[in-house]
Amino acid sequence: MFRTALIAATLLVTSSLLAEAQPAGNRVKVNGMQIYYEVSGHGDPLVVLHGAYMNIPSMGTIIPKLAKTHKVYAIELQGHGRTTDIDRPITYPNLADDVAAFMDAVGLKKADIFGYSMGAAAGLQVAIRHPEKVNKLIAASVAYDAEGWQPEFRAFIPQMTVEMFVGMPFAKDYRKLAANPDGFPALVKKLIALEHEPMAWEADVKAMKTPVLIITGDADVATLEHSVAMFRLLGGGTMGDMGKPQPGSRLAVLPATSHTAVINQPELLHAFIEPFLKGETPKGMFE
C-alpha cells in the first residue's frame, strides 16, 4: 500500500514537472496581428526575439536554458512562425512598436530583452523608442548603422531576389507552422525590403541609458570594428583596475563564429547572458 502510494506520488510530481517544463503557447491581438508567443520558466521577465526567417523552435535550446532562471516570453514576429502577417512593411521601428504593444497586452510593464539578428535590431529599437519598458538588452549579431555590415553583405543586398530564397530549406519549414502556408514569398519580399531600409542610429544609441550586452561572432555579418564602435557609444572600452566602476554595457566576441552560428552555441551564449542579467562581473586582483 505504502509503495503504491509512493509510486503514485512520484508519478504525479514527475508529470507536474514535465508539464511545467513545457512552454505554454498563446496568441494575442497586437496592431492587427495575432501574435503567437510561448511562456516558460519562472523569475524576472525576459522577452526573446528571433531572427529573420526564424521562429521560436529555430532559436534552439537557449530558450529552455534561460527559462531555468527567468520567465521567458518568446515571441514570433510579424509574418513569422504562427504569427499572422498584415498589409504593412516589416521595419525595425514597426517590430519594436509591436513588441512594446505585446508587452502591454500581456501585462508586462518592464522586462529584459534578448534578440538575435533581426530580433536584436528590433530590441535595440525597443530600447530607443520605448526605454521605459527595457531593463537590460542582449543584442546578438546587431548593427546600428548599415555601414557596419560586412562589405560582402552590403554588396549582396542589391542581388537578393524572392526566387533565391524560396528554394532554401527554411522555406519548407515555414509551411509547417505558418498561419498562411503560402505566405513565404510575400514574407521574403518584405524582408528583402527591410535590408534596404535606412539604418543610421548612432545618435540614438549614444543617448541610450539601457545597459546592453553586445554579442558578435568574429566572422559575423557586422564587422568587429562596428561592434567595438557600438560598445564605445554605450560607454564601454575604458580601462578597468583604475578604481572606477565598470560600464553597464558589455561586449562578447565568439571565436570562429559566423552569423548563423551565433545562435547554435547555447552554452556559450548562456555563460555571457546570465552574469550580465545578474549584474555579476569577474573579480580582478585589486578588488
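**Inside the core**

Reply: Leucine 124 touches Leu137, Val142, Ala143, Tyr144, Trp201, Val205, Met208 and Met230, leaving aside residues up to four places away in sequence. Contact here means heavy atoms within 4.5 Å. This is a predicted model: local features need pLDDT of at least 70, side-chain atom pairs count only at pLDDT 80 or more, and totals for chains, interfaces and linings use all residues. Residues are numbered from 1 along each chain as its sequence is written, and side-chain values use heavy atoms, without hydrogens or water.

Leu124 belongs to the largest nonpolar core, which has 63 residues. Val47, Phe102, Leu124 and Val205 touch the most other members. Helix 4 (residues 118–129) gives this core its largest share, seven residues. A second, separate core has 26 residues, among them Tyr36, Met54, Ala67 and Ala252. A nonpolar core joins buried Ala, Val, Leu, Ile, Met, Phe, Trp, Tyr and Cys residues through side-chain atoms within 4.5 Å. Buried means under 20% relative accessible area, with a 1.4 Å probe and protein chains only. Helices are DSSP runs of H or I, at least four residues, numbered from the N terminus.

The largest cavity has a volume of about 50 Å³. Tyr92, Ala146, Trp149, Leu194, Glu195, Glu197 and Met199 line the largest cavity. That lining splits into five nonpolar, no polar and two charged residues. A cavity is a set of points on a 1 Å grid where a 1.4 Å probe fits but cannot get out; lining residues have an atom within 4 Å of a point.

Notes: Buried means under 20% relative accessible area, exposed over 50%, partly exposed in between (1.4 Å probe, protein chains only). Helices (H or I, at least four residues) and strands (E, at least two) are DSSP runs, numbered from the N terminus. On a 1 Å grid over the protein atoms alone, a cavity is a set of points where a 1.4 Å probe fits but cannot get out, and a pocket is an open set with protein on both sides within 12 Å along at least five of seven lines; lining residues have an atom within 4 Å of a point. Grid points are joined across faces, edges and corners, and a volume is the space filled by probe spheres set on the points. Ala, Val, Leu, Ile, Met, Phe, Trp, Tyr, Cys and Pro count as nonpolar, Asp, Glu, Lys and Arg as charged, and the others, Gly among them, as polar.
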